[in-house]
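Visitor: Please show me how to read a model like this one, feature by feature.

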Amino acid sequence: MPLAPNAWQARAREVFELWLDAEMSLLRAVKRRLAKGIDRPGWAERKYAEARAMRIEAESILAALSKDTAQIYVNRIAGTYGSGAEAAYADLRKGMDVPRLIMPAARIQRIDAILDALQGKVRAQYGRILREVDDQYRRIIGYGVADLATGSITLRQSVQRSLDAFAAAGIASFTDSKERDWGMPEYAEMATRTGMMHAALAGYTDAALANGQDLVITTDHSDECPLCTPWEDKVLTLTGAMRNHPDCQGTMAEATAAGLFHPGCLHSFSVYIPGMTRRGGGDPQTPEQNVRGYKNRQQMRYMERQVRSWKRRQTVAIEPIEERRCKAYVDKWQAKLRDLTQSTGLMRGNGREGPRVLLSPAAKWGERGTLYRKSDNSGAFASLPERMSKKHIRELAREQGLSLKGLTLLIDYDEDKLKPSFPFAGRADTATVGRIDFFPRAFSSREELTRTLIHEKIHVEQFRRYGVEYVQNHRAYFERLAEEVEHAFIVRAKELKRL
């Protein structure tokens with residue numbers, strides 16, 4: 001059977017998930033230590049004094065990770081080497097009348113060499129991670145002290161902002177030649193998958209060469225990436241010894257150096273027997289379809305990274321309202337993933353979206369509106385003077401004598417809508433009549449929040465009385481009516497000293 005060097009790489013998912021869990025544990029430890037006693041005097045001095053304890057806790061988390069993954073690395077490398085050799089034997093039996101297959105002699109040494117290279121990469125990660133956690137822990141304290149001295153924001157807001165930035169980027173454990181930082185689970189998975197690919201290639205190559213075969217042919221499959229396209233359906237020599245054969249189009253070393261069989265690559269290859277092996281007919285898609293399919297897969301990877309990023313931010317949220325905001329973004333990106341997989345037929349890998357992050361009891365109670373009351377905005381919304389909470393909107397409506405009966409309130413925590421290029425403060429939803437969406441700009445002042453509420457409330461009444469389609473078809477007329485009512489209401493409110 002053809003060898004797909006990455007066919008067994010789903011087995012690297014276990015490594016990825018263990019490293020994800022460890023990253024979350026490190027973030028929780030940093031957040032827990034920094035949040036403890038944040039409202040008491042002497043916070044910075046206590047936190048600096050705990051830096052050593054923070055490092056010891058980080059070391060214990062990484063030690064547990066090392067213990068959990070050590071045997072997995074051994075099993076995965078040895079297993080993929082054996083699978084590669086078995087694939088070669090299957091191809092040889094199918095293509096040749098071979099009474100007895102020869103086993104490669106140096107297989108143990110090959111497995112050990114690949115395993116040593118993988119474990120060396122992993123060990124190098126641990127030192128970088130410890131430095132990163134320690135540096136970020138101290139940096140967050142320093143920023144908090146500086147912000148507190150200027151009086152620009154509160155200590156809580158400063159710490160939350162720094163934690164958000166730390167969590168959004170993830171804990172970097174490797175910087176590549178292009179100066180790109182790799183998060184610890186992403187690099188660990190990539191290193192493991194690369195090691196498994198090398199083991200599979202080595203197993204197949206050793207078995208084929210031991211039985212006198214040096215030529216192989218690559219497959220041609222759909223949705224390939226630009227790196228692999230030039231090497232599809234090509235005859236390659238494993239060692240270079242058959243470089244001058246008339247059918248040979250390159251060496252395996254040249255192909256892998258150019259990017260073929262990169263981590264995540266879906267190509268495979270099999271023994272090529274001149275005059276017997278058929279060529280072509282692998283990919284039924286057009287080049288345009290292949291490009292679109294590749295872009296769809298890259299888009300899915302991007303969305304998965306966004307889900308993981310917002311889960312990390314939810315993990316380090318100090319305030320319940322911040323937890324809920326991050327959870328809303330997790331839900332938003334997971335909804336986009338569902339839409340993408342449904343429209344393209346791609347298989348969704350839930351394990352790549354990170355572990356489930358539960359809301360704290362305080363955040364859950366806040367969702368039910370019972371025990372939680374928001375006092376300040378946090379994160380990117382810290383500068384907005386009006387509290388971004390449904391309870392605050394209801395309080396404002398009571399003060400202004402506005403009934404909210406039959407209305408559903410929704411607060412949009414999209415940071416992009418803070419930008420000046422987004423001019424809207426609210427929206428009366430046309431799909432769910434009765435729902436009013438409040439954008440961040442609505443909370444820029446008490447008057448703006450009042451204007452948004454009354455204006456969108458008028459639109460809801462218009463939708464109910466005349467129908468959404470009619471109002472939309474006569475949008476300018478009904479928008480003018482809403483603006484007139486809004487203006488009259490604000491003038492009256494100011495006369496009554498309500499604004």
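**Helices in contact**

Guide: Glu132, Gln136, Ile140, Tyr143, Gly144, Asp147 and Leu148 of α4 meet Leu155, Ser158, Val159, Arg161, Ser162, Leu163 and Phe166 of α5. Contact means heavy atoms within 4.5 Å. Helices (H or I, at least four residues) and strands (E, at least two) are DSSP runs, numbered from the N terminus. The model is predicted: local features need pLDDT of at least 70 and side-chain atom pairs count only at pLDDT 80 or more, while totals for chains, interfaces and linings use all residues. Residues are numbered from 1 along each chain as its sequence is written, and side-chain values use heavy atoms, with hydrogens and water left out.

Visitor: At what angle do α4 and α5 pack, and how far apart are their axes?

Guide: An axis is a line fitted to C-alpha atoms, for helices over the stretch in contact, and angles run from 0 to 180 degrees between N-to-C directions. For α4 and α5 the angle is about 150°, with the axes 9 Å apart. That makes α4 roughly antiparallel to α5 (angles under 35 degrees count as roughly parallel, over 145 as roughly antiparallel, 65 to 115 as roughly perpendicular and the rest as oblique).

Visitor: Is the crossing of α4 and α5 left-handed or right-handed?

Guide: A crossing is left-handed if the near helix is turned anticlockwise from the far one by less than a right angle, and right-handed if clockwise. α4 passes α5 in a right-handed crossing.

Visitor: Which classes of residue make up the contact of α4 with α5?

Guide: Ala, Val, Leu, Ile, Met, Phe, Trp, Tyr, Cys and Pro count as nonpolar, Asp, Glu, Lys and Arg as charged, and the others, Gly among them, as polar. The contact of α4 with α5 has 7 nonpolar, 4 polar and 3 charged residues.

Visitor: How do α1 and α6 pack?

Guide: Their angle is about 160° and their axes are 8 Å apart, so α1 and α6 are roughly antiparallel to each other. The crossing of α1 and α6 is right-handed. Arg13, Val15, Phe16, Trp19, Leu20, Ala22, Glu23 and Leu26 in α1 touch Met184, Pro185, Glu186, Ala188, Glu189 and Thr192 in α6. By class, that contact of α1 with α6 has 9 nonpolar, 1 polar and 4 charged residues.

Visitor: What about α12 and α14?

Guide: Helix α12 (residues 446-466) and helix α14 (residues 475-495) pack at about 140°, their axes 9 Å apart. That makes α12 oblique to α14. α12 passes α14 in a right-handed crossing. Among the residues in this contact are Ile454 and Ile458 of α12 and Phe489 and Ile490 of α14. The contact residues of α12 and α14 divide into 9 nonpolar, 4 polar and 6 charged.

**Cores and surface**

Visitor: How many residues are in the largest nonpolar core?

Guide: A nonpolar core is a set of buried Ala, Val, Leu, Ile, Met, Phe, Trp, Tyr and Cys residues joined through side-chain atoms within 4.5 Å. Buried means under 20% relative accessible area, exposed over 50%, and partly exposed in between (1.4 Å probe, protein chains only). The largest core here has 49 residues, and Trp19, Leu26, Leu34 and Val159 have the most contacts inside it. α1 (13-35), α2 (43-49), α3 (51-95), α4 (107-150), α5 (155-169) and α6 (184-210) each supply at least two residues of this core. α4 gives the most, with 12 residues. A second, separate core of 38 residues includes Ile321, Leu407, Leu449 and Phe463.

Visitor: What does Val159 touch?

Guide: Leaving aside neighbours within four places in sequence, Val159 is in contact with Leu34, Ile38, Trp43, Ile140 and Ile318.

Visitor: Is Thr251 buried or exposed?

Guide: Thr251 is buried, because its relative accessible area is 11%. Thr251 is found in the loop between β4 (235-237) and α7 (252-258). Beyond its neighbours within four places in sequence, Thr251 is in contact with Leu236, Thr237, Gly240 and Arg243.

Visitor: What is the phi of Glu179?

Guide: Glu179 has a positive phi of about 65° although it is not a glycine. Glu179 lies in the loop between β1 (172-175) and β2 (181-183) and counts as exposed, at 64% relative accessibility. Lys497, also not a glycine, has a positive phi of about 65°. Lys497 is found in the segment after α14 and counts as exposed at 72% relative accessibility.
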